Amino acid sequence: MNEDSLICADSSSENRSGIWSVSSHEPSSSSDILFLSSSSCGDGEKTTRTSPFIFLDATPPSSIHCVNDAPPIICSTPKTCCPKQCLQQHLEQAADINSSFQRRNQCDQTQFLLDMFHVTKGGSTHLVNGEKTNLFSKCDLCTKYTEERAKGGRDKKSIEDLRAKYDKHLEHVQKERGVYYNHRHKARNNPNKYLTIIIDGMDQSKTNVPFVCQRTKSTQNLWRLQSHITGVLIHTDSSWGKQVLAFVDLYQYPHDSNLTINILIRTLNELEKPLPPVLYLQLDNCFRENKNKFVMAFCALLVKFKFFSKVRINFLPVGHTHEDVDQFFSRISEGLRKNGAETFYELQSVITKSFTPNPKAILVEHLLDVKNWMIPHIQEIHGHTEPHCFRFTQSHCGENIVMHYRQWSGQAWIPETGIQILTSIPINNLQFCEPSFEKLDLPRLQQDLPKWRDWLKPHSNIEWQEFFSIELPRLSHFNQNEQSLSIQDILICRPLDPNMVQTEHTEANLLLFEMFEAEESQPHVSS
């Protein structure tokens, strides 16, 4: 085998920067093993140690050489997986790890490997475990199962009981995901009756600019402009099946229910077609932004003002809330990793080119104070953070808007008469929120920008000057006496004509719609 080398940092103090090279290849009954030798010079004497580089059966050992300068990785995927898929997964994993690895200086590379890989020393060999880490918060039950499974020992009965409970939990999570998938398909197959929207926020700090592909020692501690992206997927009957929006803000407004409601209003206004009678909202469990009385009261107002006849909000189980919108976020991160974004304008450009269909990047310039507008008209509610499904419809008498809830999909809606969340209807106009850029620490950013100059393109320096002289003053503008707006002025979208709701479908589609309706209905039990 050819002597191909992989550069990585060694964890020992004697070998701070070693060269890993293929020294031998010994086939095994269960896996292919590459032995990598690490050479270093200490006290004028060259020393060599080996480390196994393990892949599954049928995985070409030389394939890892497609990823240059990647640290050693073990393929821990079960043998039942497709070897091609397994290899592709680990090549992508190696590329991601390598990118993070190369952005660090020599000392940080050593700590990076210690954090990313579990090292077990046995004799002269080092077993390097490169299992992919998940940066998302984990489900309490899944974490508890993993811990208890490790304590199970050889007690077969205990292991079987734990596994049965865990399988039941995963089956429950998959069922809840299936409800969202059904809502998604309903909106795509019958857009004149259903509209499905999922809203979620991207992880913080990933979109701060300037974002340079290669971090250096002189730039890693420099201040950057903080920004935040809220992604929205609107499921439609278009060729791609969805419309993608990215709302970008600079933390000039609190990330609370005001932001969520304003994004929902803007999303509805972006629709090219009239609104169908049913809205399905898929949100994250964050009570500060989504799972609160203000978002619920606004959904009730949408029904009261006859924008929709029914609004449903669904929340996935905590720790399992990451869905198709997170794929959009991962593509943005990948675009930044490959191309960088030296200015705020380049960040918006990366967003629009990162996904298919091309997203529309929308800058959050103004925010309506919907919370204070609704506070005098909302019924105080308690315990609303526990259920995961909410429904807003007109009461039987047709005068009031009532809310029903249930813990999980498939259960009966309670209470039978519903909860009247609105005590009255707001008739006054909405005011605007006052922006605040204190969190950005703009003086520090202006102080550090000259230090960025050597690492930015000439046009990027010009764009930063335009940002501070034009864009920032425009975003900071706030006039307390500025004209207020009514809800009818804000929501320019209009509901669909009821006569157009019933459309012609094929026999197969009609059967599918009946199945969806049957899923939502509850069995009637009588004596």
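## Strand 7 and its partners

Ile 199 stands opposite Val 232 in strand 8. Strand 7 (residues 194-201) and strand 8 are joined by six bridges and run antiparallel; strands count as paired if DSSP finds at least two bridges between them. Helices (H or I, at least four residues) and strands (E, at least two) are DSSP runs, numbered from the N terminus. This is a predicted model, in which local features need pLDDT of at least 70 and side-chain atom pairs count only at pLDDT 80 or more, while totals for chains, interfaces and linings use all residues. Residues are numbered from 1 along each chain as its sequence is written, and side-chain values use heavy atoms, with hydrogens and water left out.

Strand 7 also has five bridges to strand 10, and these two run parallel. Here Ile 198 has Gln 282 as its bridge partner in strand 10. Seven of the eight residues of strand 7 are buried, so the strand is largely enclosed by the rest of the structure. Buried means under 20% relative accessible area, exposed over 50%, and partly exposed in between (1.4 Å probe, protein chains only).

Ile 313 has Phe 390 as its bridge partner in strand 13.

## Aromatic rings

Now for the rings. Those of Phe, Tyr and Trp (its six-membered ring) pair if their centres lie within 6.5 Å; planes under 30 degrees apart count as stacked, over 60 as edge-to-face and the rest as tilted. The count comes to eleven aromatic pairs. One of them joins Phe 328 and Phe 355, a tilted pair at 5.3 Å centre to centre and 55 degrees between the planes. Phe 328 lies in helix 7 (residues 324-339) and Phe 355 in the loop between helix 8 and strand 12, so the pair ties together parts that are 27 residues apart in sequence. Both Phe 328 and Phe 355 are buried.

Elsewhere, Phe 344, Tyr 345, Trp 464, Phe 467 and Phe 468 form one aromatic cluster.

## Backbone details

The bond from Val 209 to Pro 210 is cis, with omega near 5 degrees, and Pro 210 is in the loop between strand 7 and strand 8. The bond from Ile 414 to Pro 415 is also cis, with omega near -15 degrees; Pro 415 lies in strand 15.

Tyr 251 is not a glycine, yet has a positive phi of about 60 degrees. Tyr 251 is buried, with a relative accessible area of 8%. Lys 306 likewise has a positive phi, near 65 degrees, but counts as exposed at 56% relative accessibility.
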